[in-house]
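Me: Hi! Could you walk me through this one while I have it open? I'll just ask things as they come up.

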Amino acid sequence: MLLVLLLLLLLPAFSPASAWIPVEDWGSGNVTASVGETGQCVCHVYLPDVAFPANRVEHMQQVSKELMLEVEIQKGKLVTYEGRLEVYLKDLKHLTLRVAILESSADSYIRLDFELLRIELREFEALVSQLKDSLNSSSPLFDSLYTEILNMTLIVNQLEIYDKTNLEVIRLQFTKLQRKLEECQKEQEFLKPDIGNCNHTGILSISKPTVLQLNADLHAGYIYGGWGKDSKPLRGHESMYFYDGYSNPTLYDFALYSNYDNLILRSAFKHPDLMTGWYGLGNNFIIRANTIYYQLSSPFSMSKLNLTSSVYEHRVIPAASQAFSYSYFDNQNMDFAADERGLWVMYASGESKGKIILAKIDEKSFGIEEEWKTGVFKQLAGNAFMACGVMYATRSVDLDTEEIFYAFDTSTGEEKHLSIPFQKFQEQYSNLDYNPTDQKLYMYNNGYYVSYNVKFNKE
């Protein structure tokens with residue numbers, strides 16, 4: 001009964017007001033007294049029908065038990081949330097350190113780290129919301145957590161926005177630099193040529209193109225032309241470059257530059273004009289020993305102008321035909337070349353059925369010393385050049401790739417079919433020549449100066 005009374009006292013604290021009915025509402029009763037037959041005092045107590053709300057007390061006992069159980073459950077949840085909150089607070093502290101590292105050093109993160117940070121921050125935000133909803137309350141602690149999470153999210157987003165501090169970009173750039181370094185290491189053999197030495201078995205490979213700039217006239221329409229260096233320079237002119245470009249294959253004039261810097265600056269020290277009647281046609285001209293060798297327009301012949309004496313000469317090659325040109329442009333009938341063995345001219349004739357004839361030029365008499373018939377059709381070749389007495393012919397592979405596909409050795413008369421690819425800056429080119437003074441190829445590629453290093457097979 002004591003327990004019941006205690007429960008009746010405690011129930012108001014755990015139960016709603018409607019679960020308890022005051023004593024006044026139990027109904028009314030009365031007490032009467034009388035004297036019995038034996039003279040004893042007899043008390044009569046009258047109670048209403050519901051003498052005592054025992055069923056309601058029992059109900060209150062059950063409600064009390066359920067409330068006590070619910071209190072224990074909620075206390076357990078609080079303990080659980082407290083443990084989880086401690087764990088997440090530790091993680092949040094760890095995240096704070098990670099963000100601090102991100103702010104101070106760009107070498108400790110990648111894009112994946114940013115995404116993981118954002119995921120974890122969203123989890124923290126969800127936890128704080130869950131705790132607030134479960135406890136049905138708010139506190140400065142929750143507000144502080146929300147603010148910290150928001151600030152950290154902003155910091156992470158800002159760090160990812162700035163590419164300069166984005167490690168992924170840095171690593172990509174570093175990878176590119178590593179590749180360039182490897183390429184530079186491979187190019188070392190190109191950059192240290194054995195000038196004048198022909199003790200090898202021919203060309204092994206061609207380097208990637210070096211694109212200097214658009215022609216000196218700054219005219220993209222000047223797709224016909226040529227550029228390069230004197231293949232046998234006079235003393236004091238070892239660094240001289242030449243250039244000619246125009247919108248058609250006619251050669252009217254050309255420019256001379258004292259060195260590479262002046263070529264780039266387009267500052268010519270001399271600009272010779274060809275005399276009327278001595279205009280050239282075709283763009284496979286060269287300068288050797290301060291003399292320009294080119295294809296004369298009329299009469300169709302090989303011609304030269306000594307830039308020191310300003311003396312012109314020409315020689316007709318009876319077999320040479322204007323019917324055969326290289327594949328990229330018309331009027332490229334005579335192709336002059338120079339290498340370690342001397343001066344050459346390449347042409348085709350009706351007798352050779354369009355196949356290239358290679359001729360050695362006597363530089364003193366300006367006559368033909370010797371001729372060789374090759375097995376390559378001129379119209380199938382993009383261009384040709386000489387190196388160490390070997391003629392190499394090129395052709396197009398695709399828009400970006402050219403290939404040395406044929407070689408003819410004048411010392412043995414042997415011809416070879418090769419496949420030595422190299423990159424083009426643009427699809428078409430009008431001039432390609434090898435220079436023995438630096439073992440480079442010079443290409444006039446759709447108005448641009450392009451050069452290549454040549455690697456020979458010395459094994």
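Me: To start, through how many residues does the hairpin join E14 to E15?
Reply: The hairpin between E14 and E15 runs through two residues. One thing to keep in mind as we go: this is a predicted model.

Me: Noted. And how many bridges join E14 to E15?
Reply: There are five bridges between E14 and strand E15, which covers residues 342-348, and the two run antiparallel. If you look at aspartate 339, you'll find glycine 342 of E15 standing opposite.

Me: What sheet do they belong to, and what's the strand order?
Reply: They sit in an open sheet of four strands, ordered E14-E15-E16-E17, with antiparallel pairing. At the edges are E14 (335-339) and E17 (367-377), each of which pairs on one side only. On average, neighbouring strands in this sheet are turned by 25° against each other, ignoring direction.

Me: Back to E14 then. Is E14 mostly covered or mostly open?
Reply: Mostly covered: five of its five residues are buried. That holds for both faces, with Asp335, Ala337 and Asp339 buried on one side and Phe336 and Ala338 buried on the other.

Me: Nice. Changing topic: how much space is there in the largest pocket?
Reply: The largest pocket holds about 340 Å³ of space. Its lining has 21 residues, and those nearest the centre are Thr201, Gly202, Val390, Tyr392 and Lys416.

Me: OK, aromatics next. How many aromatic pairs does a search of the whole structure find?
Reply: The search comes back with 20 aromatic pairs. One to look at is tyrosine 246 with tyrosine 252: the ring centres are 5.5 Å apart and the planes lie at 80°, so this pair is edge-to-face.

Me: Why does that angle make them edge-to-face?
Reply: Because planes over 60 degrees apart count as edge-to-face, and the planes of tyrosine 246 and tyrosine 252 are at 80°.

Me: Which residues form the aromatic cluster?
Reply: One cluster is made up of Trp227, Tyr241, Tyr243, Tyr260, Tyr442, Tyr444 and Tyr449.

Me: What's the phi of arginine 266?
Reply: Arginine 266 has a positive phi of about 60°, although it is not a glycine. You'll find arginine 266 in the loop between helix H6 (260-264) and strand E9 (280-281).

Me: And what about the phi of cysteine 388?
Reply: Cysteine 388 has a positive phi as well, about 55°, and is not a glycine either. Cysteine 388 lies in the loop between strand E18 (383-387) and E19.

Definitions and conventions
Residues numbered from 1 in each chain as written. Predicted model: local features only at pLDDT ≥ 70, side-chain atom pairs only at ≥ 80, totals over all residues. Heavy atoms only, no water. 1 Å grid on protein atoms, 1.4 Å probe; cavity = no way out; pocket = protein on both sides within 12 Å on 5 of 7 lines; lining within 4 Å. Points joined across faces, edges and corners; volume = space filled by probe spheres on them. Pairing = 2+ DSSP bridges. Axes fitted to C-alpha atoms, helices over the stretch in contact; angles between N-to-C directions. Phe/Tyr/Trp six-rings, centres within 6.5 Å; stacked < 30°, edge-to-face > 60°. Buried < 20%, exposed > 50% of the residue type's maximum accessible area, 1.4 Å probe, protein only.
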